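Take a first walk through this structure. Keep the sequence and the 3D view side by side.

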Amino acid sequence: MANIEDVLNLDDPIFRGFIFYNALLILKCMAMSALTATRRFKNKAFANPEDAAAQKVKVRTDDSVERVRRAHLNDLENIPIYFVASFGYMLTNPAPALALTLFRVFTAARFVHTFVYAVVVVPQPARGLSWGVGYFITGFMAVQTLLHFCH
Amino acid sequence: MANIEDVLNLDDPIFRGFIFYNALLILKCMAMSALTATRRFKNKAFANPEDAAAQKVKVRTDDSVERVRRAHLNDLENIPIYFVASFGYMLTNPAPALALTLFRVFTAARFVHTFVYAVVVVPQPARGLSWGVGYFITGFMAVQTLLHFCH
Amino acid sequence: MANIEDVLNLDDPIFRGFIFYNALLILKCMAMSALTATRRFKNKAFANPEDAAAQKVKVRTDDSVERVRRAHLNDLENIPIYFVASFGYMLTNPAPALALTLFRVFTAARFVHTFVYAVVVVPQPARGLSWGVGYFITGFMAVQTLLHFCH
């Protein structure tokens, strides 16, 4: 059995990639909050009475705001579990090229998902495919981890 | 004070259990997305105009879809904080039998919660109890961690 | 390059602070569930037909419940990504005093955010500022991590 120091190692390319792409995904998630706020002010569609009153409007929902919020919720459903799945997967002694490719493809897929869902609405199957790529990678990592740690 | 290598160690049963049950919980969370999609198509209840149009229906909500979504949101409220709570708890030098029991009971409780909430609706207190077991375990771990790391 | 044992070390003040403040934030998130349940019973406003029927009322939404739920969702949008951002940031060899200050200010900002959003409604910019402090810290940590791990 490998030592943990061989895996969680600041010189290890997999671990460095894990940290790097996670930071990119965090910034992507953060962009959803900024996009929601921008659209709330642009469309004067606020969820809190005190925010609406400050703009002299009533609380209301707006389709373009709700779309960003659905994309953001989809991030919350998919990205935190990926963080934990990829942590476990790193410990299964994967080939570095495969692990880094999975990190990159997951990250790219989530950027594409946000873009086609909430920035420019691209017809299906763009959104479904980009979601599915991330879902498949998370599932692959979780299953590999289960198989590796089940005995 | 123990060295971190003694705790985050690929031979340590607590750490192996942490990784293993987290992977199971990830797959459980992922099942919620699949269940939501299945019910959306079965009931032709879509949240996005482009999805509804492809099925020649209007955007609408459906009780059985919303139920799965509430169960999924409950996962998002409870499972990511458990991942972090159990990571901290592992570092408090717990008895392996206790730590592994807590991991197993939490995992089982979340599977039961999903089943009685969203798959077969079982009368209360089934849902409340299964949620409460997970909540209590997360709280116990967080408090143990605070007490252990407060000085 | 530093060894990971120098960073993820049970004697290291940054790592100890990371674990300690994360546990505090977990308890804060958990308080949202308790507050939601309390207000649901107080206002007899339930999301599930079986819960409403047990109290002999119909399913309905209530403003004070929805306010707590918005604050809770804001936690879900901000706190899990902070956990991961601060983990990466710890590995960038930050000054201990700075890192600990950021952990403390983030934690305090999230407690303030909950208080002014959902406990006592304080006029803006209290909520916006407390949210912004946490958002800025998470972004700072993610950017520092990207810069440190990009080569």
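How much area is buried between chain B and chain A? The model is predicted, and in it the figure is about 2,700 Å². Carbon and sulfur atoms give 72% of that area.

Look at who takes part. On one side are 29 residues of chain B, and they are in contact with 34 residues of chain A. Within chain B, the most area is lost to chain A by L10(B), R16(B) and M30(B). Together these three make up 24% of what that side buries.

Charged pairs also span the interface. The rule finds 3 salt bridges between chain B and chain A. R127(A) and D51(B) have side chains that meet in a salt bridge, at 2.7 Å from N to O.

Now step back to the arrangement of the copies. The copies use different surfaces, as 14% of the contact residues of chain B recur in chain A.

Finally, move to chain C. Here helix α4 (residues 63–90) meets helix α6 (residues 126–149). Their axes come within 9 Å and cross at roughly 35°. The crossing of α4(C) and α6(C) is left-handed. Residues of α4(C) in the contact include N74(C), I81(C) and Y89(C). Among those from α6(C) are W131(C), F140(C) and F149(C). The contact of α4(C) with α6(C) has 9 nonpolar residues, 7 polar ones and no charged ones.

Key: Residues are numbered from 1 along each chain as its sequence is written. Chains are lettered from A and ligands numbered from 1 in the order in which they are written. This is a predicted model: local features need pLDDT of at least 70, side-chain atom pairs count only at pLDDT 80 or more; totals for chains, interfaces and linings use all residues. Side-chain values use heavy atoms; hydrogens and water are left out. Contact means heavy atoms within 4.5 Å. Axes are lines fitted to C-alpha atoms, for helices over the stretch in contact, and angles run from 0 to 180 degrees between N-to-C directions. Helices (H or I, at least four residues) and strands (E, at least two) are DSSP runs, numbered from the N terminus. A crossing is left-handed if the near helix is turned anticlockwise from the far one by less than a right angle, and right-handed if clockwise. Ala, Val, Leu, Ile, Met, Phe, Trp, Tyr, Cys and Pro count as nonpolar, Asp, Glu, Lys and Arg as charged, and the others, Gly among them, as polar. Buried area is the accessible area (1.4 Å probe) that two parts lose on being put together, summed over both. A salt bridge is a side-chain nitrogen of Lys or Arg within 4 Å of a carboxyl oxygen of Asp or Glu.
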